[in-house]
Amino acid sequence: MDQLIPAFGFGLITASILAIAAVGFTLQFSVTNILNLAYGDIMTACAFAAYLANHAGVNIWISLIVGALFGAVFSMLLNRFVYFGFVRRGTRLFGMIIVTIAVSLIIQNLLLAIFRPTFFSYTASQGPSYHVGSMVFTASQLAIMGIAVVAMVCVHLLLTQTQLGKAMRATATNPGLARSSGIATDQVIDAAWLVSGALCGIAGVALVLNTATFSETTGAAFLVPIIAAAVLGGIGQPYGAMLGALTIGIAGEVAAALISPSYKDVVAFVILIVVLLVRPQGILSEIAAAKEVAA
Amino acid sequence: MIDRLATSKLHASLAAGALLILAACGSNTPSATPKTYTGTLTFASFNPFTGPDASFGPEMAAGCIPAAKTINDAGGVLGHQVQCVAVDTRGDPADAVPAAQKMIATTQNLVGMNGPSSDEALATVPIIDRAHLPMFADSGQAAFDKSTYKYFYRLTPPDDAAGVAMAIYAYNKGYRRGAAVFGNDLSSQGNVPNLLSAFVKLGGQIVVNQTLTLDQSSYRTEVTALVAATPDVIFTEADPQTDAAYLSQLQQLHGMIPVVGTQPTVQPPWIKAVSGAIGRSTLSQNFAAAQPYSTSQGPAWEVYNTALLASGSAVPQPDQWSQDPYTETDYDAIIMMALAMLEAKTPDPSFYNAFIPKVVGNAAGATEVHSYKEGMDAIAAGKTINYVGAGGPVAFDQYQNSTGAFELIGYAANGSNPQLAVVSASDIAKLRQ
């Protein structure tokens, strides 16, 4: 029981990374209606972009920005030159899921071919440890949590206080009506891919800072909790994704402390199933229901 | 009426089943005369090349390729050149079963193989055995200690013997409070039962036994539980990313505790991942691993190592496998199969399989040979041979297992693996369940 509070603290670190990733993932879906299962692999590609910068002598936090920029540009180009072609041809949600799985495999194997099947680490210190009650955080973990908070606030401000954010929400709710109302939905979708791609990049680098080492499959292994967080919160609902990330992240660590590490994922997903049984649309979703009707 | 209907249905089902069994048996019954082969003969390296145990495959292929080179340099087998192909099982029975079926059905002139590993052995050994394909498994599963599969061979000790060797080493080093930290994959878990019982029998105490879900982003809660149990040694095997994350988080939260790992923890991907995460010097100060004992010297090893280093681009960084006992025995397996083909005068597996134990038989008057070329010349001269390979002498028991001692090796900051101790086969046997 005395491990419960430290476990809660560790859960916050996992939840921070998960929140950044899940918000990016769900933002893509809400604005573009594409459930991008290549998201985890794009995280890995971003981690590699940051790795190249880091090993060229760039500080890890600048490298994180490199990863975010790479993610933004890569995601936007991926949508423009791959996904959008299928959307234009009227490919339905399920068909698009298959396309994203194909992209996922292509990215993973390209990374394998380029970087070879081995493991990589950043040159970065975790910094000193700080005790907050019985919770322990390194400077690097505190930085990750800080980045998560800033990213969530920025997403909130973007969606609620800017014209672009309002246009994104309008496009998410009803793209046809948004277009009829004079919103340049194609540009809004580009912007959504840029923003979500940047979040994807930040999450990829933060994940690797946490795991200390990575390979071409690291991001893909993290995709299931990302989807779980997004679905738990209500797919397409950024605030729901934040809440879902907190729930999944903390539940896993607390379960590991109270029951057994073997049940870490099990407990998190039992919570997911129970919540979805009670509230099938997720904790906060309105958009998801609207999307289902549209599909 | 219902009973009659049911009975007639049962009879029909039994008849259909019997026909299917007969058909299946018929398709797998060896013919009375050996098959004729044209072209290059193929050996498969049937192992994970992707997935959590992706390091197993390259380690195995690094044994096959120099073996094929030495065979081809000596003129081939019965007029055939030989080649190696890699078959990826992904370390998962669900992928390995179709991979085995496809390999058997579509690989031209497939005459033998290395593998499978522990990850997929239980699912695929029966399939491969039914296809009459000699296999030299690197599976460490104790289930094969008394294997009755006619085409199954194993030149390396089972995983549970590795667990005993780790326990003996740790106890002899003065550690009394052990923590078992193993991944939840089949390969890792195979070590655990005998490790736990051996350490307790010796007088130690297992203070915590953790089964890790692989590739999580955080193991801090597990690490906190481990630290609270105050172990003085950690026994481990998990995939590189899992152990790297776990040990780096241990280092952050507490500081490193001595680690005793299994053979996969001395493979280059594990070393690279973990040393990248915790630093080379920390690793070299705190790390030991048990692996099958191999002298890595002598005439057979010289031939192996020369061929390995001459493999060119076929084996990336070949020197990393120079002293790897699994790669050495994978090499030996190919040489043994080729020599058995010479003895049988055919590459047909159904015929040469019976000769495999004979090429390593230590019969009176047998000529000891250390390479394919030496063996080929001796057989041509009508001599009985005893192949002593790169991995040392081979002595099959009645279950076609040849196991031996273990060595504990460290990790030096310069990348070498100094020997720390040797645990004899008899000491291991006393403590195995």
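1. Gly203(B) is placed in the loop that runs between α7 (192–202) and β7 (205–212) of chain B. Leaving aside residues up to four places away in sequence, Gly203(B) touches Tyr171(B) and Arg176(B). Its separation from Glu407(B) is 204 residues in sequence and 21 Å in space, taken from C-alpha to C-alpha. These remarks, like those that follow, concern a predicted model.

2. On confidence, the mean pLDDT of chain A is 89, and 96% of its residues score at least 70. Within chain A, helix α2 (residues 39–55) has the highest confidence, at 97. Helix α13 (residues 287–294) of chain A has the lowest, at a mean of 49.

3. Chain B contains 17 helices and 14 strands. Its radius of gyration is 23 Å, close to the 22 Å that the globule rule gives for 433 residues, so chain B is as compact as a globular protein of that length. The C-alpha trace of chain B spans about 75 × 65 × 40 Å along its principal axes.

4. Chain A has 13 helices and two strands. For its 295 residues the globule rule gives 19 Å, and the radius of gyration is 19 Å, so chain A is as compact as a globular protein of that length. Along its principal axes, the C-alpha trace of chain A spans about 55 × 50 × 35 Å.

5. The size of an interface is often given as the accessible area lost when the parts come together. Here the area buried between the two chains is about 2,400 Å², and carbon and sulfur atoms give 54% of that area.

6. The polar side of this interface comprises ten residue pairs in polar contact, both residues being at pLDDT 80 or more.

7. Side chains of opposite charge can pair when their charged atoms come close. Over all chains the structure holds eight salt bridges, and one salt bridge is found across the interface of chain B and chain A. Lys264(A) and Glu222(B) meet through their side chains in a salt bridge, at 3.0 Å from N to O.

8. Which residue of chain A meets Lys264(A) in a salt bridge? The partner is Glu253(A), at 3.5 Å from N to O. Lys264(A) lies in helix α12 (residues 264–278) of chain A and Glu253(A) in helix α11 (residues 238–258), so this pair ties together parts that are eleven residues apart in sequence.

9. Two points of backbone geometry deserve a check. Most residues other than glycine have a negative phi, and most peptide bonds are trans. Asn33(A), a residue other than glycine, has a positive phi near 65°; Asn33(A) is found in the loop between α1 (4–32) and α2 of chain A. In chain B, the peptide bond that joins Gly115(B) and Pro116(B) is cis, with omega about 5°. Pro116(B) lies in the loop between β3 (110–114) and α4 (121–130) of chain B.

Key: Residues are numbered from 1 along each chain as its sequence is written. Chains are lettered from A and ligands numbered from 1 in the order in which they are written. Side-chain values use heavy atoms; hydrogens and water are left out. pLDDT is the predictor's confidence in each residue, from 0 to 100. Helices (H or I, at least four residues) and strands (E, at least two) are DSSP runs, numbered from the N terminus. Buried area is the accessible area (1.4 Å probe) that two parts lose on being put together, summed over both. A salt bridge is a side-chain nitrogen of Lys or Arg within 4 Å of a carboxyl oxygen of Asp or Glu. A polar contact is a pair of N or O atoms within 3.5 Å; within protein, one must be able to donate a hydrogen and the other to accept it, and residues adjacent in sequence count only if both atoms are side-chain atoms. The radius of gyration is taken over C-alpha atoms; the globule rule is 2.2 Å times the number of residues to the power 0.38. Contact means heavy atoms within 4.5 Å.
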